[in-house]
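Trainee: I am new to this structure. Could you show me how to read its contacts and charged pairs?

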Amino acid sequence: MRAKAAEYRGGLAALSVNASLDEVLVQAEQHDAAATTAGERAGAQLAIAEACRRLGRVDRAERAWRASYRTARAAGDAAAMAWALWSGGTLARQRGRYPLAHRLLTHAAATAERGNDVVARGYSLAGLAETGRVQGDFAGTLRLHEKLLDEARAHGQPRHVVWALEGIAQIHRHNGDHDRALTLFTEACAIATDSDDQRGRAWALRGIADLTSLRGDVDGALELLAEAEQACRAMRLEAALAYNHKMRGNVLYRAGRYAEAEQVYAATIEEFTRIAEPRGESLARLGLIKSQAHQGMSPDEVAKTLTELHTRFTRAGLHHAVDMVNAARRDLLP
């Protein structure tokens with residue numbers, strides 16, 4: 001079964017899940033200009049929001065999802081309202097606004113249920129699960145991820161199956177069960193390949209590369225990341241590409257190639273800053289300071305930067321990232 005991009009609705013439903021975001025944006029703008037019904041307009045505005053979000057054009061994405069929601073609300077279309085709220089909640093998470101993301105995604109799930117849109121409800125609950133996971137609530141979100149995996153399998157949604165498998169794999173990886181994580185990432189990669197979901201495959205390859213690196217195979221990990229990067233560039237997946245590069249920095253850092261890691265992290269900070277992704281930017285800064293510490297940066301400077309990152313992660317509610325800063329402090333400072 002081929003993966004579908006459920007967020008491309010109405011006249012845009014024929015778009016491939018692998019369509020370049022530039023192509024999506026052009027077609028969505030054309031559909032918006034030609035729309036004769038509220039449903040067509042709401043769907044086009046949603047696609048504009050999603051393309052802009054993934055391209056890092058966050059201000060326009062914000063305007064577009066709100067426009068889609070207003071259009072759908074005026075027409076009394078609960079399903080379209082739910083999709084717009086899902087897009088807004090996803091954008092809020094990307095921008096580091098986690099309480100807002102929780103509110104919007106919770107509202108999206110309830111609205112989808114009222115509109116009898118099973119897929120929108122699943123995407124909204126998945127957004128809640130991912131928001132909790134990136135904040136470090138691994139125990140709580142594992143159950144929701146597993147529930148959503150069962151639902152995705154039952155409804156025959158390979159793209160959503162891949163997402164759920166990758167989320168569960170990330171949790172097991174963070175909990176130290178690397179064998180289980182690798183099995184799940186490998187399954188996700190196989191399903192994404194079979195269903196021609198290049199986005200899901202790129203994220204799965206990143207996860208496999210991470211675990212390959214942890215097992216000491218640096219070259220193998222870098223090859224996997226290079227393969228994933230090709231898909232990210234072809235589809236203009238700016239956030240996925242930035243996280244791919246951050247993982248490249250992680251692999252080089254683990255291998256003791258600190259000067260190379262420093263260069264990669266520094267470039268990645270610029271990528272995340274350009275697309276207004278504060279979590280990724282802060283994690284890349286953590287990698288950068290660790291690399292610099294191993295190359296002779298003064299302990300005072302290292303301590304200052306780690307304190308700044310600790311404050312930033314604490315304020316954002318990124319509990320796992322706080323733990324990472326504490327671990328770096330133990331490893332790097334006397």
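Mentor: Start with contacts, meaning heavy atoms within 4.5 Å. Setting aside neighbours within four places in sequence, Leu306 touches Leu286, Ile289, Val325, Ala328, Arg329 and Leu333. This is a predicted model: local features need pLDDT of at least 70, side-chain atom pairs count only at pLDDT 80 or more, and totals for chains, interfaces and linings use all residues. Residues are numbered from 1 along each chain as its sequence is written, and side-chain values use heavy atoms, with hydrogens and water left out.

Trainee: Which residues touch the most other members of the largest nonpolar core?

Mentor: In soluble globular proteins, nonpolar side chains tend to be buried together. A nonpolar core is a set of buried Ala, Val, Leu, Ile, Met, Phe, Trp, Tyr and Cys residues joined through side-chain atoms within 4.5 Å. Buried means under 20% relative accessible area, exposed over 50%, partly exposed in between (1.4 Å probe, protein chains only). Here the largest core has 114 residues, and Tyr8, Leu306 and Phe313 touch the most other members.

Trainee: How many salt bridges are there?

Mentor: A salt bridge puts a side-chain nitrogen of Lys or Arg within 4 Å of a carboxyl oxygen of Asp or Glu. The whole structure has 25. One joins Glu7 and Arg159 at 2.8 Å, N to O. These two residues are 152 apart in the chain.

Trainee: Are Glu7 and Arg159 buried or exposed?

Mentor: Both are buried. Another salt bridge pairs Glu29 with Arg60 at 2.9 Å, N to O. Glu29 is partly exposed at 32% relative accessible area, and Arg60 is partly exposed at 29%.

Technical notes. Helix = DSSP H or I, 4+ residues; strand = E, 2+ residues; numbered from the N terminus.
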